Amino acid sequence: MISLFVPIFLLEKGFSIEEIICMELGILFGSIVLHYFVLKVITMWGVKKTLILSYVLNIVLYISMFYVDILVGDFGRYFFLFVIAVLNIIPSALYWSAHHIFFLRTTEVKNEGKKLGILMSIPSFVGIVSPLVGSILIDGYSFQLAFLVSAGLMGVASSVLFFSEDIKVKSEMSVEKIFDIRGMRKNLIFFIQGISHIATGFVWPIFLFFLKVHLISMGFLYLFSNAFYSIVSYLGGKGSDGDKAKKFGKIGAMGHGFSMIFRALFTTIVSMTAFQTMGGIFGGLLHIVLDSKFYKNSHKDMSNAVMNRELYMHLGRIFVVVLFLVLLNFLDTTKTLAHL
C-alpha cells in the first residue's frame, strides 16, 4: 500500500531524483551487509522476535515519514534521507531473513512448490486492492493518512506474531559458500531476478510519475497485475513440483521480458494496464519456478543459501540503479526511465 509510492512521496516533497537514487543505493549496499549479520544473530533471537522487530521498525519508518516536514526543518533534508534509508535497511533485512528461514524450516522438498504457491498467492490476493486503497488515501486525503493506516496494520500484524510458535536455527556463515563462485549459473539467475524486482518496484513507479499518470490510475494498474499474479502463483506452484517446471520457467521468462519492453514503449493507460497485467501473469509463473527451485536446494545449508541469494539479487538491483544514475548524465529523466 505504501512502498510503491515512497519515491513519489519524496519527489513531491522536493527531493531530487538524484538524491532518491543515491538513497536507494545506500539502502541496497547496507542491506547486503545487514543480511549477513541478521542471519548470524537469528540463531539467538529466533524467527518470531526477528519478525516482530521488523514490523515495529516499519511502524517507526511510517511515523518518520509522517513527520517529514518537522524532521527536514529541524535536522535537514540529508538527515531525513539517512533516517529513511536506515529504517528501510534494518526491517527489510530482518523480515526477509526470517521469512526465508521460516519457510525452509516448515516445508518439505516434495511439496515445496505447492506451499510456495500458496505463500505467494495469499499475500498477493489480500494485497490486490492495497495499491488502489493506498492511491485513494493519498489522492483523496494525504500521504500522512496512508502512513498512519499502514502503521496501524503493522501494529496488528506484529501483535498477532506474539501468539505464534518460535523457530530457531543453527547458523554457520561461510564467505566461500556465500559467493559460491562455482555456482555462477545460479548466481546469474539471482542477479537477473534482482534486475527484474528493482525495475518493476522502483523504476516503474517513478516512470509512471514522470509520465504524469494519476495515482489512482497507478492503483488500478497494480490491481489487475496483482490479481493475475496471485492466481498464476497458486496454479504455477502446483506445477513447479513436477516435470513441467523448466517449461513453465522458460514461458514465464519470455513473457515477462516482453511485458517489460512493451509497457515502456506504449504509454497510454490502457496499453500500460494490459502489459503490466501481462507482467503479472508471466512474472508470477517465472518467480514461482525460480523461488521453488531455490527453496528445494537450500534445506541443507539454509543461512548460506539465503545470503547467497540476497547478495546476487542485491547486486542485480545495484546494477540497475547505478545505470539509472549514469544515464541521467546523458538523457533527461523520462528518456532514462524508458531505456531502463
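Rings of Phe, Tyr and Trp, the last represented by its six-membered ring, form a pair if their centres lie within 6.5 Å. In the predicted model described here, ring pairs of this kind join Phe103, Phe190, Phe294 and Tyr295 into a cluster. Across the whole structure, the search returns 12 aromatic pairs.

A pair of aromatic rings is described by the distance of the centres and the angle of the planes. For Tyr55 and Tyr95, the centres are 6.4 Å apart and the planes stand at 35°, so the pair is tilted. Tyr55 belongs to helix H3 and Tyr95 to helix H5, and this pair links distant parts of the chain, 40 residues apart. As for accessibility, Tyr55 is buried because its relative accessible area is 17%, under the 20% limit. Tyr95, at 26% relative accessibility, counts as partly exposed.

Phe191 and Phe319 make up another tilted pair, with 5.9 Å from centre to centre and 50° between the planes. Since Phe191 sits in helix H10 (residues 184-210) and Phe319 in helix H14 (residues 302-327), the pair ties together parts 128 residues apart in sequence. Phe191 has a relative accessibility of 22% and is therefore partly exposed; Phe319, with 44%, also counts as partly exposed.

Helix packing comes next. The axes of helix H2 (residues 17-45) and helix H3 (residues 47-66) come within 7 Å and cross at roughly 120°. On the H2 side, the contact involves Val38, Ile42 and Trp45, which meet Val47, Lys49, Thr50 and Leu53 of H3. Sorted by class, this contact holds 5 nonpolar, 1 polar and 1 charged residues.

Helix H4 (residues 68-75) and helix H5 (residues 77-105) likewise have axes that come within 7 Å, here crossing at roughly 130°. Val68, Leu71, Val72 and Phe75 from H4 meet Arg77, Phe79 and Phe80 from H5. The contact of H4 with H5 comprises 6 nonpolar residues, no polar residues and 1 charged residue.

The largest nonpolar core has 77 residues, of which Phe5, Leu10, Met65, Phe80 and Ile101 touch the most other members. With neighbours within four places in sequence set aside, Leu10 is in contact with Phe15, Ile20, Met23, Phe80 and Leu81.

Notes:
Residues numbered from 1 in each chain as written. Predicted model: local features only at pLDDT ≥ 70, side-chain atom pairs only at ≥ 80, totals over all residues. Heavy atoms only, no water. Axes fitted to C-alpha atoms, helices over the stretch in contact; angles between N-to-C directions. Helix = DSSP H or I, 4+ residues; strand = E, 2+ residues; numbered from the N terminus. Contact = heavy atoms within 4.5 Å. Nonpolar A, V, L, I, M, F, W, Y, C, P; charged D, E, K, R; others polar. Core = buried A, V, L, I, M, F, W, Y, C linked by side-chain atoms within 4.5 Å. Buried < 20%, exposed > 50% of the residue type's maximum accessible area, 1.4 Å probe, protein only. Phe/Tyr/Trp six-rings, centres within 6.5 Å; stacked < 30°, edge-to-face > 60°.
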